[in-house]
Structures are given as C-alpha cells and as structure tokens.
Amino acid sequence: MADRVSISFKLGGQLTPEAWLALAAVIASEGLSIEWDGPAFEPAHRTVGEPLELFANEVAWGKVEPLETFCQDHGLPYRFWAGGFFAEWSAERIVFRGEGTPDSFIVDESDRVLIDRHEIVRRGSVEGVLAYFDEAEFTVPPLAVEGDAELPAEAAGQGTAHG
C-alpha cells in the first residue's frame, strides 16, 4: 500500500479550449478538487481571471506526475506543495515558472519555506539566502482559456504567463 499525504497545486497560464478540456480530464483523473475533501473536479469549477487552485488528501507518495507533466508540456506555471510522510520524506514545494526545469524547496507542513546549512553555504551571503526565499515565493498567474469573456488586463493579450 502506498504512503499517502495531502497536496495542493496552483496553476496558471494560457490554454486553448481543447487543451483546457484535456487538462480538466487530467485533474479529474488525479482525484483533485477546488477545496479540501470537496467534490470531484469539473471544468465549470474554474474561476475566470484566477489561478486554478487544487487540493487532495491521501495522494499516493504525494505525486501528481501526470498533472505536472501536462503543465510542463504546455508551459503552464505552477506551485505545488506535498506534505511529508513521517521519517520517509520531507514536505516539499515545487515551482515551475512555465519554462526550464522545476525548482524544489524544502518546506514544513504549513508550506513555510525552510533552508538547510548546505543551501546557506551554497548561497554564500545573506542576499543569496534572501534570493532563495524570493525564488520560492513564486506568484502563479491566472489560468486563461482562449475565448474567456472577462480576462483581467494583466492576462489579456499575453502568451503563456510567467511570474
């Protein structure tokens, strides 16, 4: 039996209507909801002009790889938190800015960013340590689907949004 933890996943960016329906199918297959212990996800749960925030308890190994892969393949920025499991693994925040590779940050069970001695030494200065915290505080842009009636000014006319 798989070890299970809680996760939260916030994503944004811009999609075609067809890609949105494909994303919604991935989200539903992962058993995610727009609230803790909420109803199964449906495309109508998206709020226009906001990032899409998803939650689940009891996620095997705290992994939602099909969702991460979809977002990376479509350039959709996200911020993903998975809780730790006793002495097996620590809680983690993963940030993907819409391109490149995702960054991983050690966090606590309340999703507060932590730093260890190795990272402090690697960063080399107080400014470097503060930059580490800034990198972890990525703001996810709204999730926009082509044809949305009420796009906020900052999302209108953009390609894939990056924070």
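Strands, denoted E, are DSSP runs of at least two residues, numbered from the N terminus. On this basis, Gly100 is placed in the loop between E5 and E6. The structure is a predicted model. The average pLDDT of the protein is 88, and 91% of the residues score at least 70.

Strand E5 comprises residues 92-96. Of its 5 residues, 4 are buried, so E5 is largely enclosed by the rest of the structure. Strand E4, residues 78-82, runs antiparallel to E5 and is joined to it by 5 bridges. In this pairing, Ala82 is found opposite Glu92 of E5. E5 also pairs with strand E6, residues 103-106, in the antiparallel sense, here over 4 bridges. Arg93 stands opposite Phe105 of E6. In a regular strand, side chains alternate between the two faces of the sheet.

E5 and E6 together form a hairpin, with 6 residues between the two strands. Within the turn, Gly98 adopts a positive phi of about 105°. Gly100, in the loop between E5 and E6, has a relative accessible area of 64%; the cut-off for exposed is over 50%, so Gly100 is classed as exposed. The C-alpha atoms of Gly100 and Gln72 are 8.6 Å apart in space, although the two residues are separated by 28 residues in sequence.

Notes
Residues are numbered from 1 along each chain as its sequence is written. This is a predicted model: local features need pLDDT of at least 70, side-chain atom pairs count only at pLDDT 80 or more; totals for chains, interfaces and linings use all residues. Side-chain values use heavy atoms; hydrogens and water are left out. pLDDT is the predictor's confidence in each residue, from 0 to 100. Buried means under 20% relative accessible area, exposed over 50%, partly exposed in between (1.4 Å probe, protein chains only). Two strands pair if DSSP finds at least two bridges between them.
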